[in-house]
Amino acid sequence: MDNFQKEIDERANLTLSNKFELLLFRLGKASQDEKSELFGLNVFKLREIVPMLPITRAAGMRSPLLGMANIRGQLIPVIDMPAVVGCVPTTGLNLLLVTEYARNTQAFAVESVDNIVRLNWNQVHPADASVSSRNVTSIALLDDEEQGNGNNMALVLDVEQILQDIIPSIRDVPPEQIKEKVFRFTPGAVAIVAEDSKVARNMLEQGLKIMGIPCEMYNTGLDAWERIKVIAKQALSEGRPISDKISLVLTDLEMPEMDGFTLTRNIKSDSILRNLPVVIHSSLSGSANEDHVRKVGANGYVAKFEINELSAVLHRVLDEAPL
């Protein structure tokens, strides 16, 4: 038990050094390809891996939603991941990856699991135009000797996009509930938002617009950090407080190049920026992540996609922030 807890603590502490562990798995071959691509999933989102179980398919369910599986007494939706990305498994759907996203549990059916590799977030880069799938958010560069099978990259899936397409969880934002609140910030200041998932960026942009909070959107923590440093330099040269330029920073945790923990730590360790309100908005729910939020000094934490909870947290941290 002590060794098990030590392993959990060690894995959790990776988040404090811009590192993480990636589960590598295969979904089969794409129709136009000879080889089977590697795909990746953050181990933090993985609850367990189980052999394929009987699936109960309700009337009206359509691919890629396979149906429901009873896993340890809990009925969990099962998603056919090869069907999502356009692959055909050569040996069938053999395993279920049981995951937790935004306080919801679901299982992804995959062909096989290869390995778990430990990476730095700077080894992960945003997917470019050459990666055509809308469900791929980034590309992880791997060391051949670590994963040992001749491939040097894995495609990291945009699970938020996949879940939104298959099991929609983002509901229309009720403007009347949010517009009743007055958000306190200096006129002209903008919120810096770091989020690599397109569906999450769209939701955040919509919500902030309703709240009346101007924002700038960035795909990676590194892009957001570079922009924050530029704005801080401008504020310093003009003799103005940073709050005149930036109202708050809203960041995801998992992002290419720099994660949200590192971005937050950079802000909170800077003498000019440390009073900026930072709110972490993540699908990585759970007490372990909330503990790390406190360790790096973030002002708030919201699990995706609770827009009313996000509104309440932003209202609180802006009220508490010095102008």
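A salt bridge here is a side-chain nitrogen of Lys or Arg within 4 Å of a carboxyl oxygen of Asp or Glu. With that in hand, let's walk through the structure. This is a predicted model, in which local features need pLDDT of at least 70, side-chain atom pairs count only at pLDDT 80 or more, and totals for chains, interfaces and linings use all residues. Residues are numbered from 1 along each chain as its sequence is written, and side-chain values use heavy atoms, with hydrogens and water left out.

The whole structure holds twelve salt bridges. In one of them, Lys 245 pairs with Glu 238, the closest N and O atoms being 3.1 Å apart. Lys 245 is buried at 17% relative accessible area, while Glu 238 is partly exposed at 42%; buried means under 20%, exposed over 50%, and partly exposed in between (1.4 Å probe, protein chains only). Salt bridges with shared partners join Glu 238, Arg 240, Asp 244 and Lys 245 into one network.

Next comes Arg 26, whose salt bridge with Asp 114 has its closest N and O atoms 3.1 Å apart. Because Arg 26 sits in strand E1 and Asp 114 in strand E9 (residues 112-120), the pair ties together parts 88 residues apart in sequence. Strands (E, at least two residues) and helices (H or I, at least four) are DSSP runs, numbered from the N terminus.

Finally, look at Glu 195, in the loop between strand E13 (190-194) and helix H6 (198-211). Glu 195 is buried, with a relative accessible area of 0%, and its side chain reaches the backbone nitrogen of Ser 197 at 2.9 Å.

Terms used:
A polar contact is a pair of N or O atoms within 3.5 Å; within protein, one must be able to donate a hydrogen and the other to accept it, and residues adjacent in sequence count only if both atoms are side-chain atoms.
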